[in-house]
Amino acid sequence: MSASTDFDEFYTATARRLVAAVYAATGDLTEAEDAVQEAYARAWQRWDRLTREGDPTAWVRTVALRLAISSWRRARNRIRAHITHGPPPDLPAWARSGSRWCAPCRR
């Protein structure tokens with residue numbers, strides 16, 4: 001069996017379950033799908049090594065969860081920076097007036 005076929009079968013058998021696991025951790029389906037997609041892309045790059053070591057499912061799940069957590073942290077840090085420092089100084093005036101979305105964050 002070729003590596004491509006093997007990977008396709010692995011993806012078909014595990015993708016939904018991994019998206020569900022990451023969704024359970026994040027509560028955001030789009031974020032879960034993005035993280036799992038990136039994890040599979042990284043797995044493909046290492047496919048020969050991963051399959052030599054056994055079942056790659058745990059590796060893909062761990063990578064997807066770590067990617068989702070990193071994304072969540074970046075988003076949290078962007079919001080904190082905006083609250084702490086305000087909008088960037090080079091932000092156009094029309095964008096400054098629309099910054100009411102942060103009002104709930106200040107509470």
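## Thr14, tucked into H1

Thr14 sits in helix H1; helices here are DSSP runs of H or I with at least four residues, strands are runs of E with at least two, and both are numbered from the N terminus. Thr14 counts as buried because its relative accessible area is 4%, and buried means under 20%, exposed over 50% and partly exposed in between, using a 1.4 Å probe on protein chains only. Setting aside neighbours within four places in sequence, Thr14 is in contact with Tyr40 and Thr57 (contact means heavy atoms within 4.5 Å).

A word on what you're looking at: this is a predicted model, in which local features need pLDDT of at least 70 and side-chain atom pairs count only at pLDDT 80 or more, while totals for chains, interfaces and linings use all residues. Residues are numbered from 1 along each chain as its sequence is written, and side-chain values use heavy atoms, with hydrogens and water left out.

## The overall fold

Of its 107 residues, 24% are buried. Take the contacts in the chain with a separation of 6 or more: 56% of them link residues 24 or more positions apart.

## The nonpolar core

What holds the most contacts inside the largest nonpolar core? Val22, Val36, Ala39, Tyr40 and Val60 do, in a core of 19 residues. A nonpolar core here is a set of buried Ala, Val, Leu, Ile, Met, Phe, Trp, Tyr and Cys residues joined through side-chain atoms within 4.5 Å. The elements giving two or more residues to this core are helix H1 (3–26), helix H2 (29–45), helix H3 (47–52) and helix H4 (57–85).

Apart from neighbours within four places in sequence, Val36 is in contact with Leu18, Val19, Val22 and Ala64.

## The largest pocket

The largest pocket holds about 190 Å³ of space. The search runs on a 1 Å grid over the protein atoms alone: a cavity is a set of points where a 1.4 Å probe fits but cannot get out, a pocket is an open set with protein on both sides within 12 Å along at least five of seven lines, and lining residues have an atom within 4 Å of a point. Grid points are joined across faces, edges and corners, and the volume is the space filled by probe spheres set on the points.

Ala25, Thr26, Asp28, Glu31, Leu65, Ala68, Ile69, Ser71, Trp72 and Ala75 line this pocket. H1 and H4 each supply at least two lining residues, and H4 gives the largest share, with six. By class, the lining has six nonpolar, two polar and two charged residues; Ala, Val, Leu, Ile, Met, Phe, Trp, Tyr, Cys and Pro count as nonpolar, Asp, Glu, Lys and Arg as charged, and the others, Gly among them, as polar.

## Two lining residues up close

Ser71 is in helix H4 and counts as buried, at 16% relative accessibility. The side chains of Ser71 and Glu31 are joined by a polar contact of 2.9 Å. A polar contact is a pair of N or O atoms within 3.5 Å; within protein, one must be able to donate a hydrogen and the other to accept it, and residues adjacent in sequence count only if both atoms are side-chain atoms.

Ile69 also lies in helix H4, but Ile69 is partly exposed, with a relative accessible area of 41%.

## Two aspartates

Asp55 is in the loop between H3 and H4. Is Asp55 buried or exposed? Asp55 is exposed, because its relative accessible area is 60%. The Asp55 side chain makes a polar contact of 2.8 Å with the side chain of Thr57.

Asp8, in helix H1, is partly exposed at 44% relative accessible area. Asp8 and Trp44 are 36 residues apart in sequence, and their C-alpha atoms are 9.9 Å apart in space.
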